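Dear colleague,

I am passing on a structure to you, together with some notes on what was found in it. Please have the view open while you read.

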Amino acid sequence: MVELDTAFAALGDPVRRALVSRLSRGDATVGELAEPFGLSQQAISHHVGVLRRSGLIEQRREGTRRPCRLRADRLSELGGWIAEQRRAWDDRLDALDRHLAGDEDAATGTSR
């Protein structure tokens, strides 16, 4: 669960969500990531570091370049957890609907 906490905490920042969105379209260096934000490379490097430590992105060396790459497998894990929670809550809400419908039937004296 700590890994999920770290990843969701990393995604709690709008700049980091935008970086993830940008990286979903392809690899980019820190300099390329910084361009649309008007932030310094140092500020973007900080956000990249948070995303890297959370496991959402990885960096590799290509000569003098260090492009960042989104880890789709990690996002899939988060999506899977969210889907599990959605299913659990859907089941709970369906049970509540059935329960409330049963109470209404009892109050009106009707049966199904």
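A salt bridge here is a side-chain nitrogen of Lys or Arg within 4 Å of a carboxyl oxygen of Asp or Glu. Please keep in mind that this is a predicted model, in which local features need pLDDT of at least 70 and side-chain atom pairs count only at pLDDT 80 or more, while totals for chains, interfaces and linings use all residues. Residues are numbered from 1 along each chain as its sequence is written, and side-chain values use heavy atoms, with hydrogens and water left out.

By the salt-bridge rule, the count comes to five. One of them joins the side chains of Glu-77 and Arg-74, at 3.2 Å from N to O. Both residues lie in helix H5, three residues apart, which is about one turn of the helix; helices (H or I, at least four residues) and strands (E, at least two) are DSSP runs, numbered from the N terminus. Arg-74 is buried, with a relative accessible area of 6%, whereas Glu-77 counts as partly exposed at 42%; buried means under 20% relative accessible area, exposed over 50%, and partly exposed in between, with a 1.4 Å probe and protein chains only.

Another salt bridge is formed by the side chains of Asp-27 and Arg-60, at 2.9 Å from N to O. Asp-27 lies in the loop between helix H2 (14-23) and helix H3 (30-34), and Arg-60 in the loop between strand E1 (57-59) and strand E2 (68-70), so this pair ties together parts that are 33 residues apart in sequence. Arg-60 also meets the side chain of Glu-62 in a salt bridge of 2.8 Å, N to O, and Asp-27, Arg-60, Glu-62 and Arg-69 are linked in a network of such bridges.

Turning to helix H4 (residues 41-53), its 13 residues should span 18 Å at 1.5 Å a residue, and its end C-alpha atoms are 18 Å apart, which agrees; the expected span is 1.5 Å times one less than the number of residues. The buried residues of H4 are Ile-44, His-47, Val-48, Gly-49, Val-50 and Leu-51, and just after this helix Gly-55 takes a positive phi of about 85°.

Finally, Ala-7 is found in helix H1 (residues 2-10) and counts as buried, at 0% relative accessibility. Ala-7 and Arg-71 are 64 residues apart in sequence and 12 Å apart in space, C-alpha to C-alpha.
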